[in-house]
Amino acid sequence: MAMIMDAYNRRLVVMAEVYLGAAPCEYCWIVAGSHARNEVHMLSDQDHGLILADNATEADKVYFHHLAMYVSKGMALCGYELCSGRFMAVTHKWCQPLAVWKTYYQKWAINPEYDLLLEMSVFLDSRYITGNPQLVNDLQACMCQQLVHNARVISALARNALLQKPPLSIFRNWVLVKEGENANTLDIKSAALSIIVNLVRVQYLQLIAQLFTTDGAVVYKANTEERLQLLLEHKVINEATFKDLLGAFQFISQIRYSHQLQALQQGKIPNNHINPNAFNSFERTHLRETFKLVTSYQEIMKMKFC
C-alpha cells in the first residue's frame, strides 16, 4: 500500500511539472507519518513537505506552492485525505529552503514542548519520494545531530508516548469508548499501535549516536519493524522482547487491516474502532494479552526515561 501511495505521489509530481513547467531550482519531496514508515493503511492521510535548495527565491516558492497544490489535490482525488493538521507541502511552513528546515529541528531540539513536540513527532518519521535526495540526506543528518545525547528531547517524546494507555482496567477488563458514534468500541490505533510506534521510535532515537557513520551521516530508518531489528542487533532489547513487540505490532496491524477491509466490503466507512464482541474467544484472549504486553512495555519505558 505504501508503494502504491509512493507511485501516485511521484507521478503527480511529474504531472505537476508538465503542467507548471520545469522546477526553477533543486528540491526534494518528502513524506512523513505512516507513509514515511511504510505503514500505510486504508485511513492514511497525506503528510508531506518540500525541501527547497537554499538559493530558492520568493518567486520560486510561489511555483512550489502551486506544485504542492496540484499534487495534494491529485492525491485527494486518488483517495488519500488531506491532513487535518495541515502537515502538507501546500502549507507554507512545510515548503521551505533546507536552511529553514534545519532551524525547525534546532528549535524543536531546544524546546520540545506542546505544539513544537507535535510538529517534531510528525517529521521525525520522514522519507524521500522524489527530487534531489541530497537535500533530505542533509536534513536528516542535521536532525540526528540535534538528537544525539539530547536527553530532554528523548524524555519529552517518551512522556508523550506514555499519555495514552491500552484499554484495560486494573482488573484486566475492557475500557471502551463511552459516548458518541463509536461508543462501546476500542480505538485500535491509539490503544496500542501508536503506543508501540512512538516508544520504539524513542529507543531508536536514543540509539542514533551509535549509528553515525565515519563521515557523520546516518542511514535513517523510519519503519517500526526495521527499528525493532536495529534495537535487537545493538542489544537495546533482548530477543524475547523483540519477538513480543514485533508479534504484538503485526497482530494488531492485521486486526486493523481486516476490520477496515470488512467495512469496505459492507459498504461502510473504514475506521479504527472495533467492537470486542465481534471477536471470537481466541482473538479476544490474544488481544487482551497484547494490551497487557504493551502496558508492561510502557512501565519499563517509564522507569527508563521519565
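1. Axes here are lines fitted to C-alpha atoms, for helices over the stretch in contact, and angles run from 0 to 180 degrees between N-to-C directions. Helices (H or I, at least four residues) are DSSP runs, numbered from the N terminus. This is a predicted model, where local features need pLDDT of at least 70, side-chain atom pairs count only at pLDDT 80 or more, and totals for chains, interfaces and linings use all residues. Residues are numbered from 1 along each chain as its sequence is written, and side-chain values use heavy atoms, with hydrogens and water left out.

2. Take α10 (residues 239-265) and α11 (residues 281-305). Their axes cross at roughly 130 degrees and come within 10 Å. α10 is therefore oblique to α11 (under 35 degrees counts as roughly parallel, over 145 as roughly antiparallel, 65 to 115 as roughly perpendicular, the rest as oblique). The crossing is left-handed (near helix turned anticlockwise from the far one by less than a right angle; clockwise is right-handed).

3. Contact means heavy atoms within 4.5 Å. From α10 come Asp244, Leu245, Ala248, Phe251, Ile252 and Ile255; from α11, Glu283, His286, Leu287, Thr290, Phe291, Leu293 and Tyr297. The contact holds nine nonpolar, two polar and two charged residues (Ala, Val, Leu, Ile, Met, Phe, Trp, Tyr, Cys and Pro count as nonpolar, Asp, Glu, Lys and Arg as charged, the others, Gly among them, as polar).

4. Now α4 (residues 98-110) and α6 (residues 133-147). They pack at about 20 degrees, axes 9 Å apart. The two are therefore roughly parallel. α4 passes α6 in a right-handed crossing.

5. On the α4 side, Leu98, Trp101, Lys102, Tyr105, Gln106 and Ala109 meet Leu135, Asp138, Leu139, Cys142, Met143 and Gln146 of α6. Eight of these contact residues are nonpolar, two polar and two charged.
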